[in-house]
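I opened my notebook for a quick look through this model. Here is what I looked up, entry by entry.

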Amino acid sequence: GPGMGASGALVSVTVSELTAMLFLIILYNFKKGEIKYQIRTSPRVRSFEPRGSIVNQLMRMAIPVTLGASIMPIVNLIDTAMVVNVLQSIGYSKDIAQGKFGLLTGFVAPVINMPAILSTALQMSLVPAISAALAGKHKRQMMQTSTVGVKLAILIGMPCAVGLFIMAGPVMMLLYKGKLAGQMEDLVTVTSWMRAMSVGLLFLTVIQTVTGILQGIG
């Protein structure tokens, strides 16, 4: 049932975090000797930055990232409060309005957000690569990495956007056959919404990648 499903989702997040921590502990123990050797043989730092300066640098990096990450949850919160009220104001009953909003958030949004998993992974890998090139003053390498990143974003976003636009109906039937079977009106609705939202998919993958590039260059 829904209760057990929600519990399972929450437990799985906890288990995955614990597994990741355990993996890091094991990895550290395997590489402990190498890490200690690198510490012993690395050049000694004669002066250290004041703690306040380090905190300020961390905050300057953390606050924009946090604000960027909070935009989607805030938008979803506004949607939840606003969309149903707007639908009611133009004549839909509360039940129909909630049902239509449920179709959008439960059927269309998860499929649209799936390609973003790939662009998010690309974004995360670009940040350290570009930061390293910038720190080493390798401007050409930094520009090359950024260019490749944007090209990969387009290679991810464009086929996904075109595919979901053209194959919206079959995709929805394949994924939600049990829930949409026999409900032709709902299938037509989610298909049209999928086509409308797929247009923005390319821009979503590109903007996530460009965000990673901008974070990498500070």
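Is Val206 buried, partly exposed or exposed? I looked up its relative accessibility, 24%, so Val206 counts as partly exposed. My cut-offs were under 20% relative accessible area for buried, over 50% for exposed and partly exposed in between, with a 1.4 Å probe and protein chains only.

A note on ground rules: this is a predicted model, where local features need pLDDT of at least 70 and side-chain atom pairs count only at pLDDT 80 or more, while totals for chains, interfaces and linings use all residues. Residues are numbered from 1 along each chain as its sequence is written, and side-chain values use heavy atoms, leaving out hydrogens and water.

**Entry: Val206 and its partners.** I found Val206 in helix H8. Leaving aside residues up to four places away in sequence, Val206 touches Ala153 and Ile154; contact means heavy atoms within 4.5 Å. I also checked Gly157, which is 49 residues from Val206 along the chain, and the two C-alpha atoms are separated by 7.4 Å.

**Entry: the overall fold.** I counted eight helices and zero strands in the protein. Both are DSSP runs numbered from the N terminus: H or I of at least four residues for helices, E of at least two for strands. Next I looked at the dimensions, and the C-alpha trace spans about 70 × 40 × 35 Å along its principal axes. Of the contacts with a separation of 6 or more, 72% join residues 24 or more positions apart. Buried residues are 21% of the 218 in the protein.

**Entry: the largest pocket.** I then went to the largest pocket, with a volume of about 1,200 Å³. On a 1 Å grid over the protein atoms alone, a pocket is an open set of points where a 1.4 Å probe fits, with protein on both sides within 12 Å along at least five of seven lines; lining residues have an atom within 4 Å of a point. Grid points are joined across faces, edges and corners, and the volume is the space filled by probe spheres set on them. I noted 35 lining residues, with Gly68, Ala69, Ile71, Met72 and Gln208 nearest the centre. Which helix gives the largest share of the lining? That is H2, with 13 residues.

**Entry: Lys137.** I found Lys137 in the loop between H3 and helix H4 (139-166). Its phi is near 60 degrees, a positive value in a residue other than glycine. Lys137 is exposed, at 77% relative accessible area.
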